[in-house]
Amino acid sequence: MVISITRISIGLLLIFSGIMKWKNGTDWLYRKVMSFEVVSPDFARWATTVMPGVEVALGTLYLLNILPIETSYMIITLLSIYTTGVAVAIRRDLDINCGCFGEKSSRIHHSIIYRNIALIFLAMC
């Protein structure tokens with residue numbers, strides 16, 4: 001039962017996150033990615049093109065329990081990358097919006113790191 005609730009929660013969270021990024025558009029997402037100051041403009045352009053689709057696809061696969069082990073590994077990898085970006089931005093004292101859930105996302109803060117670590121551990125279940 002706990003695994004089902006976890007699977008549903010993480011799946012819906014990823015789908016929602018991807019949809020909100022799509023809704024705001026690639027230019028908005030590109031500016032968010034570049035504000036972290038950790039990737040090149042070319043990589044950011046590519047990443048912002050695929051990021052929302054990857055989140056929606058992973059969320060859907062996870063929710064439907066399709067390739068569960070492989071999907072869990074990909075979710076863990078994705079969340080680890082996001083968490084590293086947030087940690088670097090906090091370390092650099094950047095005052096930026098995380099962009100996690102579109103325009104209404106909060107400023108980066110340690111709580112985002114804690115949330116992502118919790119999600120990583122839950123995705124391991």
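Predicted model: local features only at pLDDT ≥ 70, side-chain atom pairs only at ≥ 80, totals over all residues.
In which kind of crossing does α3 pass α4, left-handed or right-handed? The crossing is left-handed.

**Helices α3 and α4**

- The axes of α3 and α4 come within 9 Å and cross at roughly 165 degrees.
- Angles over 145 degrees count as roughly antiparallel, and α3 and α4 are therefore roughly antiparallel to each other.
- On the α3 side, the contact is made by Ser72, Ile75, Ile76, Leu79, Ser80, Tyr82, Thr83, Val86, Ala87 and Ile90.
- Their partners in α4 are His110, Ile112, Ile113, Asn116, Leu119, Ile120 and Ala123.
- By residue class, the contact of α3 with α4 has 12 nonpolar and 5 polar residues, with no charged ones.

**Helices α2 and α3**

- Helix α2 covers residues 41-63 and helix α3 covers residues 68-91; their axes come within 10 Å and cross at roughly 140 degrees.
- That angle makes α2 oblique to α3.
- The crossing of α2 and α3 is left-handed.
- From α2, Met51, Glu55, Leu58, Leu61 and Tyr62 take part, meeting Thr71, Ser72, Met74, Ile75, Leu78 and Tyr82 of α3.
- The contact of α2 with α3 comprises 8 nonpolar, 2 polar and 1 charged residues.

**The largest pocket**

- The largest pocket holds about 760 Å³ of space.
- It is lined by 37 residues, and the closest to its centre are Met51, Glu55, Leu78, Ile81 and Tyr82.
- Among these, Met51 and Glu55 of α2 and Leu78 and Tyr82 of α3 also belong to the contact of α2 with α3.
- At least two lining residues come from each of α1 (2-35), α2, α3 and α4 (110-123).
- Helix α3 gives the most to the lining, with 10 residues.
- Sorted by class, the lining of the largest pocket has 27 nonpolar, 6 polar and 4 charged residues.

Notes:
Residues numbered from 1 in each chain as written. Heavy atoms only, no water. Axes fitted to C-alpha atoms, helices over the stretch in contact; angles between N-to-C directions. Helix = DSSP H or I, 4+ residues; strand = E, 2+ residues; numbered from the N terminus. Parallel < 35°, antiparallel > 145°, perpendicular 65-115°, else oblique. Left-handed = near helix turned anticlockwise from the far one by under 90°. Contact = heavy atoms within 4.5 Å. Nonpolar A, V, L, I, M, F, W, Y, C, P; charged D, E, K, R; others polar. 1 Å grid on protein atoms, 1.4 Å probe; cavity = no way out; pocket = protein on both sides within 12 Å on 5 of 7 lines; lining within 4 Å. Points joined across faces, edges and corners; volume = space filled by probe spheres on them.
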